[in-house]
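Dear colleague,

Please find below the structure I wished to pass on to you. My notes on what was found in it follow directly.

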Amino acid sequence: MRKQLIVALVYDFDGTLSPGNMQEFGFIQAIGKTPEEFWKMSDEIAKGQDASNILAYMKLMFDEARKADITLRREDFRKFGEKIELFPGVLQWFRLINAYGKEHGVRIEHYINSSGLAEMIEGSAIAKEFKRIFACSFLYNADGEAEWPGVAVDYTAKTQFLFKINKGILSIRDNKRVNESQLEENKRIPFPSMIYFGDGETDVPCMKIVKMFGGNSIAVYDPKAERKKHIARKLLRQQRVNFICPANYEKESKMYKVVCAIIDKIKAEYELAKLAETK
């Protein structure tokens, strides 16, 4: 039996914590494009070359920044990240849920699992809240400028990070320990102690894995976007998620009540397991 109960809250970013894609809060405007123009160009690259949508948008960012004479160093990405907007209550969410966990003898850890850019998330107002940000990133040359994609995270690549969290592996590069056999009782955070938050189809594999292995998945939707609500309801109907919640993280929100109830359930099961071991 683990000495301390840890519950991992794993979040997608765009559309889950933030209303929109992070590139739309400054970067796309800086290169003189509209979001519609940028994503259309990105999709055309992917379709025309039968390539990854993730690698396509990363290359387009690189190319368009160079055309606009914009440098792309880590600090430049972080400055764009400072402009990212967040859903209601997100800024206070981590303090609230950490306090709830502490009151109930549960350690809460937060992780990002995103197809967005790690460097931009690192510039956001909530970057310090995460134990690890698993996301796309660039490689940098000797002058500190981005020159090539270093990590590209699509919907299937996201699933590997769940298993890394499960085993307590924080390195993106590590592909050895994550594949090693490990007894369930030795895994740092079992799947039943995970809560996954996502907003759409790219999160489905992660949602399904967490739910299938006994954890809880929450489909988050922007209440102002009927299409997002429809997707969330469809995921619930298909039994790919346990709950659907509007993207409101305030204390009186459904999100807060659902997550607190899940934490209570995880804690109760932990205590029961301890009692079962008592001779």
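The lining of the largest pocket divides into five nonpolar, twelve polar and twelve charged residues (Ala, Val, Leu, Ile, Met, Phe, Trp, Tyr, Cys and Pro count as nonpolar, Asp, Glu, Lys and Arg as charged, and the others, Gly among them, as polar). This is a predicted model, in which local features need pLDDT of at least 70 and side-chain atom pairs count only at pLDDT 80 or more, while totals for chains, interfaces and linings use all residues. Residues are numbered from 1 along each chain as its sequence is written, and side-chain values use heavy atoms, with hydrogens and water left out.

Of the 29 lining residues of this pocket, Asp14, Asn21, Ile54, Ser115 and Thr202 lie nearest its centre. The space in the largest pocket is about 840 Å³. At least two lining residues come from each of helix H2 (35–49), helix H3 (53–67), strand E2 (107–117) and helix H9 (226–237); helices (H or I, at least four residues) and strands (E, at least two) are DSSP runs, numbered from the N terminus.

On a 1 Å grid over the protein atoms alone, a pocket is an open set of points with protein on both sides within 12 Å along at least five of seven lines, a cavity is a set where a 1.4 Å probe fits but cannot get out, and lining residues have an atom within 4 Å of a point. Grid points are joined across faces, edges and corners, and a volume is the space filled by probe spheres set on the points.

The whole structure holds one cavity of 30 Å³ or more. Its lining consists of Pro192, Gly214, Asn216, Ile262, Lys265, Ile266 and Glu269, and helix H10 (residues 254–277) gives the largest share, four residues.

Seven strands form an open sheet of mixed pairing in the order E4-E3-E2-E1-E5-E6-E7 (two strands pair if DSSP finds at least two bridges between them). Strand E4 (146–151) and strand E7 (243–246) are the edge strands, each pairing on one side only. E2 and strand E3 (residues 132–140) run parallel and are joined by four bridges, with Asn113 opposite Phe134 in E3.

Finally, Glu64 belongs to helix H3. Glu64 is buried, at a relative accessible area of 5% (buried means under 20%, with a 1.4 Å probe and protein chains only). Beyond its neighbours within four places in sequence, Glu64 contacts Ile31, Lys33 and Met41 (heavy atoms within 4.5 Å).

With kind regards

Note on methods. Buried < 20%, exposed > 50% of the residue type's maximum accessible area, 1.4 Å probe, protein only.
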